[in-house]
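Dear colleague,

I am handing over the structure we spoke about, and it is placed just below. My notes on what was found in it follow, and I would be glad if you read them with the model open beside you.

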Amino acid sequence: MSQRVFRVTDHLHPSDGAPIRSVVHQTSDAVVVAWTVKPGQRIAPHVHPGGQDTWTVISGTGEYQVDASGKTMPISAGDIAIAPTGAVHGLVNTGAEDFVFVSVVCPELAGFQEL
């Protein structure tokens, strides 16, 4: 692995459709992904049955879904949200600016199941 430092802004791809998942770096240990979620957009509730998903919020505000019933918690720039293996999580950008975050899923093959 020659490159060890990455600029988040080099990997952001805002979209008027669904938010775009942009892989920053990937190994068998983890996949690092940058996201831009525009105001009103959402990341559907989902689980990773074989691993953890950790989000570090760079900018924006939103409602982070924490269970299958739809319960949410506010989340904003500077927050870190951890979804342990199999935990439901998702997001709605409720703010006026882009919600930008970096997700680290460990291990890389943690799987993905939308609810």
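How many of the residues of strand 9 are buried? The count is 6 of 8, so strand 9 is largely enclosed by the rest of the structure; buried here means under 20% relative accessible area, with exposed being over 50% and partly exposed in between (1.4 Å probe, protein chains only). Strands are DSSP runs of E of at least two residues, and helices are runs of H or I of at least four, numbered from the N terminus.

Before going further, please note that this is a predicted model, in which local features need pLDDT of at least 70 and side-chain atom pairs count only at pLDDT 80 or more, while totals for chains, interfaces and linings use all residues. Residues are numbered from 1 along each chain as its sequence is written, and side-chain values use heavy atoms, with hydrogens and water left out.

Strands and sheet

Strand 9 pairs with strand 2 in the antiparallel sense over 7 bridges, and 7 bridges also join strand 9 to strand 4, again antiparallel; two strands are taken to pair if DSSP finds at least two bridges between them. Within strand 9, Phe101 stands opposite Trp35, and Val102 stands opposite Thr56.

There is also an open sheet of 5 strands in the order 6-5-8-3-10, with antiparallel pairing. Strand 6 (72-76) and strand 10 (113-114) stand at its edges with a single partner strand each, so one side of each is left without a neighbour in the sheet. Strand 5 (residues 61-65) pairs with strand 8 (residues 89-92) over 3 bridges in the antiparallel sense, and Glu63 has Val92 in strand 8 as its bridge partner.

The largest pocket

The largest pocket has a volume of about 340 Å³. A pocket is found on a 1 Å grid over the protein atoms alone, as an open set of points where a 1.4 Å probe fits, with protein on both sides within 12 Å along at least five of seven lines, and lining residues have an atom within 4 Å of a point. Grid points are joined across faces, edges and corners, and the volume is the space filled by probe spheres set on the points.

Of the 22 lining residues, Arg21, Trp35, His46, His48 and Phe112 are the closest to the pocket centre. The lining divides into 12 nonpolar, 5 polar and 5 charged residues, where Ala, Val, Leu, Ile, Met, Phe, Trp, Tyr, Cys and Pro count as nonpolar, Asp, Glu, Lys and Arg as charged, and the others, Gly among them, as polar. Strand 3 (42-47) is one of the strands that supply at least two lining residues, and strand 3 gives the most, with 4.

Phe112 is found in the loop between strand 9 and strand 10 and, leaving aside neighbours within four places in sequence, is in contact (heavy atoms within 4.5 Å) with His46, Val47, His48 and Pro49. Pro107 has its place in the loop between strand 9 and strand 10, and a cis peptide bond with omega of about -10 degrees joins Cys106 and Pro107.

Ser15

Ser15 lies in the segment before strand 1 (22-26) and counts as buried, at 16% relative accessibility. The Ser15 side chain reaches the backbone nitrogen of Gly17 at 3.0 Å and the backbone oxygen of Ala18 at 3.3 Å.

With best wishes

Notes
A polar contact is a pair of N or O atoms within 3.5 Å; within protein, one must be able to donate a hydrogen and the other to accept it, and residues adjacent in sequence count only if both atoms are side-chain atoms.
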